[in-house]
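Let's take a walk through this fold together. Have a look at the model first, and then we'll go through it piece by piece.

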Amino acid sequence: FYLVRHGHRHDHGSHGERQQVDKRYDVKLTKIGEYMAFKTGQELIDEIGRDKQIMFISSPFFRCLQTCDFMLCGMISSETKVYKNQLFVEDLVREHAHPTCYNKEDLPNITFYGGEKATFLDTVHNTIEEFKGCDESIDVYPETEEMLTARTKLFIERTAQFVKNNPGIVPIVCTHGFSITAAHEMYSDSKEHCVTAYCGVVKFSVKSDTGDVKAEYINKRFY
């Protein structure tokens, strides 16, 4: 399975782009970010092979949802198989902050090829209320590094078990740099600090007998 950081984000763009950021939502992708995601999708499907089903999993943050959408656009082919034709939203791989607006109804409808709409799962909820020890007045990084690491580990373990039980399905998980760094430090032999570029990819392998997880490559870019 693969962890992919979202593409280049709007508030890191030019001054003109930063002025256009929609404050109701967490930030979207720039045109460069859209291109990064598209190219990543193109190359990943060739690496994975079209005989496999792709399972898209995303952080509920807008930029990750968009990244999945553009990766899928890069993969579009009559031969590309998307697991249940859905985009699965997973709160365990969110940023360690919360967006301004985090309600299921506010999320965009992402169109899959064939014109069908993605189905957002009930795991999307308002983390302002759900965060342990989080005060509503705190709007940036209300989560400790230990909390982030614990939920990342839980997600990786669950995903590894799913892959072990479903070898024909390959999850592609769009998340954030902090989550990828945490996963790298837990499952890589390298002791170097991992700084993942926009749309940087980490590939994980799962042993079929033991279910052990190992990072195979770190921060690969396809654009």
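In what order do the six strands of the open sheet lie? The order is 3-2-4-1-5-6, and the pairing is mixed. Strand 3 (81–89) and strand 6 (213–220) sit at the edges with a single partner strand each, so one side of each has no neighbour in the sheet. From one strand to the next, the twist averages 20 degrees.

Let's zoom in on one pair. Strand 2 (residues 53–58) and strand 3 run parallel and are joined by five bridges. Here I57 stands opposite F88 in strand 3.

A few words on terms: two strands count as paired if DSSP finds at least two bridges between them. Helices (H or I, at least four residues) and strands (E, at least two) are DSSP runs, numbered from the N terminus.

## About the model

This is a predicted model, where local features need pLDDT of at least 70 and side-chain atom pairs count only at pLDDT 80 or more, while totals for chains, interfaces and linings use all residues. Residues are numbered from 1 along each chain as its sequence is written, and side-chain values use heavy atoms, with hydrogens and water left out.

## Helices on the sheet

Helix 2 (residues 31–48) lies across strand 1 (2–5), strand 2, strand 4 (169–175), strand 5 (201–206) and strand 6, and runs at about 170 degrees to strand 1. Helix 5 (residues 145–165) packs on the sheet too, touching strands that include strand 3, and its direction makes about 160 degrees with that of strand 4. Axes here are lines fitted to C-alpha atoms, for helices over the stretch in contact (heavy atoms within 4.5 Å), and angles run from 0 to 180 degrees between N-to-C directions.

Helix 5 has 21 residues and spans 30 Å from first C-alpha to last, close to the expected 30 Å, which is 1.5 Å times one less than its number of residues. Its buried residues include L148, F155 and V163; among the elements covering the buried ones are strand 1 and helix 6. Buried means under 20% relative accessible area, exposed over 50%, and partly exposed in between (1.4 Å probe, protein chains only).

T196 sits in the loop between helix 6 (177–187) and strand 5. Is T196 buried or exposed? With a relative accessible area of 4%, T196 is buried.

Now look for Q66, in helix 3 (residues 62–75). Q66 is buried, at 15% relative accessible area. Q66 and E34 are 32 residues apart in sequence, with 7.8 Å between their C-alpha atoms.
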